[in-house]
Amino acid sequence: MGKVNRLKLAVLLSGSGSNLQAIIDACTAADYPAEIVLVFSNQPDAKGLDRARAAGIEAKSLGHKGYPGGREAYDHAVSELIAQSGADLVVLAGYLRLVSESFAKRWEGRLINIHPSLLPSFKGLHAHEQTIAAGVKYSGCSVHFVVPEMDAGPIIAQAVVPVLADDDAASLGQRILRQEHRIYPQVIRAIAEDRVVVGDDGRVTVHDSHSPDFAHINPVLARG
Ligand code: GRF
């Protein structure tokens with residue numbers, strides 16, 4: 001049997017790391033084509049770092065507050081850590097920092113993020129509160145390539161959930177998180193298998209997504 005050539009992931013987070021956990025769990029499957037080589041946080045006490053260490057994954061942190069040289073210098077240091085880890089793909093999973101333009105450019109096409117709304121609606125902080133305040137009846141999550149502009153960039157996959165009349169930010173957030181945990185590992189698999197293509201028009205096609213699961217998150221693919 002040939003050895004699976006796994007895509008190497010660096011996962012960046014600031015908090016709980018439940019998306020990290022979903023990716024760790026996916027990586028335990030023998031046929032999953034990716035592995036995590038680094039978990040990094042700007043918050044030294046992020047719970048996600050403990051999840052990484054518990055799984056035997058290298059976990060590093062660097063506090064951003066008061067970092068000499070400001071955002072550019074900080075992001076350069078983070079970039080160097082990622083480069084040293086040998087990562088092929090940088091996965092933002094609840095990384096609550098705007099990355100600098102040079103960081104976004106350095107990792108362009110190899111940097112993805114998950115956001116808890118159906119982009120391009122409700123970018124930025126407090127997406128759930130924005131969603132409820134707007135009175136929309138559906139929300140969800142989006143996985144996209146990162147570009148310098150916040151929560152913009154080619155959308156790879158989305159999952160939809162209803163917004164219920166008695167939802168608050170926490171209950172809506174939990175419903176969306178369950179979908180995040182489902183689609184993020186699937187998108188990483190698709191990237192690892194070279195099935196994600198960004199067209200000249202900036203629109204993403206995910207090829208050969210025959211899994212019924214994937215069809216649900218990208219309904220256009222269910223038609224054929
Ligand atoms: C998720 O809702 C994600 O969409 C957003 O930050 C949250 C991270 O949650 N970017 P967790 O740390 O993965 O539990």
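Helices here are DSSP runs of H or I with at least four residues, strands are runs of E with at least two, and both are numbered from the N terminus. According to UniProt, in an unreviewed entry, residues 8-188 carry the annotation "domain: Formyl transferase N-terminal". UniProt positions follow the numbering used here, feature names are shortened, and such annotations may be inferred rather than shown by experiment.

A word on the model: it is predicted, with local features needing pLDDT of at least 70 and side-chain atom pairs counting only at pLDDT 80 or more, while totals for chains, interfaces and linings use all residues. Residues are numbered from 1 along each chain as its sequence is written, and side-chain values use heavy atoms, leaving out hydrogens and water.

Now for the backbone. Most residues other than glycine have a negative phi, and most peptide bonds are trans. Look at the loop between β5 (111-115) and α5 (127-134), where you'll find Pro-120. The peptide bond from Leu-119 to Pro-120 is cis, with omega near 10°. Phe-122 lies in the loop between β5 and α5 too, and its phi is positive, near 55°, though it isn't a glycine.

Asp-194 isn't a glycine either, yet has a positive phi of about 60°.
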